Amino acid sequence: MRTRTTTAAATALTAVVALLLTGCGGSDDTSNSKDGDKIAGADSGSGSANPSASASADNIDRPEIKLPSDVENVFEGGTTGDAAKDAVLADNERRINSIDEAITVDAKKYPALRFYSKGDALASAASYIQSFRDEARSFTGKTRYYDREVTFLKGGAASVTYCMDATQTYPKDRSTDKVDRSVKASPSDYVFYNTRLEKNAKGVWQTATVSSTEAAKRCM
C-alpha cells in the first residue's frame with residue numbers, strides 16, 4: 001500500500017535530480033555530480049518524531065534520522081554475529097529510514113538521504129520520494145523488512161537482498177493528514193530488493209544501485 005505510483009514516475013527523475021544538486025553535505029563521494037541530498041519539502045519541521053536508529057558506535061558523525069510516531073519500520077535479522085555483515089545491514093537500515101523520513105517528514109533538508117545513497121540509488125530514491133509529493137500523499141503504519149542477506153563482492157563492495165512487507169501501511173493525505181484505511185493489501189505490497197553497497201572513505205556503506213520486484217512470490 002505504499003509502492004510507487006505511476007502517474008509521476010516517468011518525469012520525476014529528471015526534476016528531482018535537479019533539486020538534488022543543491023546538496024548540504026554528508027558524503028565523501030564527490031565523483032558523481034548528480035549526487036545530492038535536498039528534496040523539496042515544506043519549511044516547517046515535523047511534529048512528534050522518534051529516532052529511527054540507535055546511536056552509532058563506530059565514531060562516524062552520522063546525521064540523525066527521525067520518523068513520525070505513526071511510522072514504524074521493523075527490521076528482522078539485524079545482527080548476524082559477523083561484525084562486518086552487521087555494519088552493512090545497519091547502513092542498509094539507515095538508508096531505508098532516510099527515504100521514509102523524506103517521504104513522511106516535512107523539513108528543509110534531508111542530509112541522511114545523500115549520506116546513505118549515491119549514484120543511481122540516490123536518483124531512484126529521489127524519484128520515489130517525488131512520486132509521493134507529486135500526488136500530495138504520504139503513508140502511515142508498519143513496514144516489515146526480512147530475509148535480509150549480505151554477500152561480500154569482489155572489489156570490496158557488498159550485496160544486500162531483502163524482502164519488504166507493506167501490507168500494514170496506509171496512504172495518508174499530506175494536506176489533511178487523513179488516512180485511507182479502506183485500501184486493501186495486495187501482492188504488490190510484497191517487494192524483493194537487490195542492492196549493491198560501497199564503503200566510502202568515512203566507513204559508511206552507501207547504497208549505489210537498487211533493483212526491485214513487486215509481488216515477489218519469494219517474499220510472500
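**Terms and their grounds**

Modeller: A word of caution first: this is a predicted model. We may begin with Arg 62, which lies in the loop between β1 (49–51) and β2 (66–68).

Colleague: Why is Arg 62 called buried?

Modeller: Buried means under 20% relative accessible area. Arg 62 has a relative accessible area of 16%, and is therefore buried.

Colleague: What makes a polar contact between the side chains of Arg 62 and Asp 91?

Modeller: The pair of N or O atoms must lie within 3.5 Å. The side chains of Arg 62 and Asp 91 make such a contact at 2.8 Å. The side chain of Arg 62 makes another polar contact, with the side chain of Tyr 116, at 3.0 Å.

Colleague: Why is helix α2 described as mostly covered?

Modeller: Of the 22 residues of α2, 16 are buried. The helix spans residues 83–104 and reaches 31 Å from its first C-alpha to its last, close to the expected 32 Å. At its start, a side-chain oxygen of Asp 82 comes to within 2.9 Å of the backbone nitrogen of Ala 84.

Colleague: Why are α2 and α4 called roughly parallel to each other?

Modeller: Angles under 35 degrees count as roughly parallel. The axes of α2 and α4 (residues 119–134) cross at roughly 30° and come within 9 Å, so the two helices are roughly parallel to each other. Their crossing is right-handed.

Colleague: Which residues of α2 make the contact with α4?

Modeller: On α2 they are Arg 95, Ile 99, Ala 102 and Ile 103. The residues of α4 in this contact include Tyr 128 and Phe 132.

Key
Residues numbered from 1 in each chain as written. Predicted model: local features only at pLDDT ≥ 70, side-chain atom pairs only at ≥ 80, totals over all residues. Heavy atoms only, no water. Helix = DSSP H or I, 4+ residues; strand = E, 2+ residues; numbered from the N terminus. Expected span 1.5 Å × (residues − 1). Buried < 20%, exposed > 50% of the residue type's maximum accessible area, 1.4 Å probe, protein only. Polar contact = N/O pair within 3.5 Å; in protein donor to acceptor, adjacent residues only side chain to side chain. Axes fitted to C-alpha atoms, helices over the stretch in contact; angles between N-to-C directions. Parallel < 35°, antiparallel > 145°, perpendicular 65-115°, else oblique. Left-handed = near helix turned anticlockwise from the far one by under 90°. Contact = heavy atoms within 4.5 Å.
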